[in-house]
Amino acid sequence: MSATFPDPRDRLIIALDLPSVSTAESIIARIGDAATFYKIGYELGFAGGLGLARELVADGKKVFIDFKLHDIGNTVARGVASLAALGASFATVHAYPQTMRAAMEGKGASPLRILAVTVLTSYDEADLAEAGYAGGVAATVASRVAQAREIGVDGIVCAPTDAASVRTALGAKGVIVTPGVRPDGAATGDQKRVATPFAAIRAGADYLVVGRPIVASPDPGASARAVQAEIARAVA
Ligand SMILES: O=c1ccn([C@@H]2O[C@H](COP(=O)(O)O)[C@@H](O)[C@H]2O)c(=O)[nH]1
């Protein structure tokens with residue numbers, strides 16, 4: 001693991017994949033102090049969520065902006081500089097070398113950590129082949145992690161099922177963030193490479209991203225605390 005976490009709450013990142021700021025605010029209020037870290041992606045980000053991100057930062061929460069940037073270098077660097085100014089803790093880019101270099105340049109001396117997305121957790125071997133990548137999931141993840149490490153990116157987003165091999169390739173220094181996390185019995189939805197919170201932490205993940213199993217739960221605070229209890233069991 002690349003960091004120490006005195007509080008298991010800090011290792012859970014809740015994905016606010018919700019249609020409006022008011023819906024997100026209501027879920028955040030119900031979760032209360034059970035969460036310290038929120039992720040904002042396309043759905044909420046394109047519905048006014050960047051203002052909410054600023055408010056969360058002002059309230060002392062950590063914010064992950066998950067727009068998975070990929071564009072010409074100048075555009076990526078300037079976009080990342082704006083996310084650094086917003087006070088985000090994490091931001092994602094696709095793991096293409098030019099994009100990763102531009103993002104590292106754009107963040108400058110800010111504490112924003114750039115995470116490179118390897119192979120989406122909704123992809124299996126057939127999806128990757130259909131997208132034109134012949135090498136298979138494990139080899140593609142390995143080659144992207146090697147390039148990310150060479151460039152000096154701060155961390156990696158990968159499936160929990162890839163976390164052990166990514167940790168070996170990355171060494172102790174890089175951060176590993178795993179979406180595709182599902183408590184036992186939770187619906188997988190469109191996620192294809194999944195594991196439980198316990199297994200993800202044991203495989204070497206630093207942070208777990210969990211969305212629907214928490215934000216669509218009848219009691220989001222209790223669901224968040226259940227994931228954190230599993231994280232605590234995994235590190236005990
Ligand atoms: O490979 C990836 C990269 C990012 N994500 C994001 O994580 C959450 C997962 O939400 P769930 O509801 O827990 O499935 C979502 O915001 C994705 O955009 C990912 O799933 N896989």
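Predicted model: local features only at pLDDT ≥ 70, side-chain atom pairs only at ≥ 80, totals over all residues.
Trainee: OK, how many salt bridges does the structure hold?
Mentor: The structure holds eight salt bridges, a salt bridge being a side-chain nitrogen of Lys or Arg within 4 Å of a carboxyl oxygen of Asp or Glu.

Trainee: Which residue does lysine 39 meet in one of them?
Mentor: Lysine 39 meets aspartate 66, with N to O at 2.6 Å. Lysine 39 sits in strand β2 (residues 37-40) and aspartate 66 in strand β3 (residues 62-69), so the pair ties together parts that are 27 residues apart in sequence. Helices (H or I, at least four residues) and strands (E, at least two) are DSSP runs, numbered from the N terminus.

Trainee: Are those two buried or exposed?
Mentor: Lysine 39 counts as buried at 8% relative accessibility, and aspartate 66 counts as buried at 7%. Buried means under 20% relative accessible area, exposed means over 50%, and partly exposed lies in between, using a 1.4 Å probe and protein chains only.

Trainee: Which other residue forms a salt bridge with aspartate 66?
Mentor: Lysine 68 does, and the closest N and O atoms of that pair are 2.9 Å apart, which leaves Lys39, Asp66 and Lys68 linked in a network of salt bridges. Lysine 68 lies in strand β3 and is partly exposed, with a relative accessible area of 22%.

Trainee: What about the phi of lysine 68?
Mentor: Phi of lysine 68 is near 45 degrees, which is a positive value in a residue other than glycine.

Trainee: And where does the bridge between aspartate 127 and lysine 192 sit in the chain?
Mentor: The closest N and O atoms of aspartate 127 and lysine 192 are 2.7 Å apart. The pair links distant parts of the chain, with aspartate 127 in helix α5 (residues 125-130) and lysine 192 in the loop between β7 (175-178) and α8 (197-203), 65 residues apart. Aspartate 127 is buried at 19% relative accessible area, whereas lysine 192 counts as partly exposed at 44%.

Trainee: Switching topic, how do α3 and α4 pack?
Mentor: Helix α3 (residues 73-86) and helix α4 (residues 97-107) pack at an angle of about 40 degrees, with their axes 7 Å apart. Axes here are lines fitted to C-alpha atoms, for helices over the stretch in contact, and angles run from 0 to 180 degrees between N-to-C directions. That makes α3 oblique to α4, since angles under 35 degrees count as roughly parallel, over 145 as roughly antiparallel, 65 to 115 as roughly perpendicular and the rest as oblique.

Trainee: Which residues in α3 and α4 meet?
Mentor: Among them, Val76, Ala77 and Val80 in α3 meet residues of α4 that include Thr99, Ala102 and Ala103, where contact means heavy atoms within 4.5 Å.

Trainee: Last one, what does isoleucine 31 touch?
Mentor: Not counting residues up to four places away in sequence, isoleucine 31 touches Ile14, Tyr38, Ile214, Pro220 and Gly221.

Key. Residues numbered from 1 in each chain as written. Heavy atoms only, no water.
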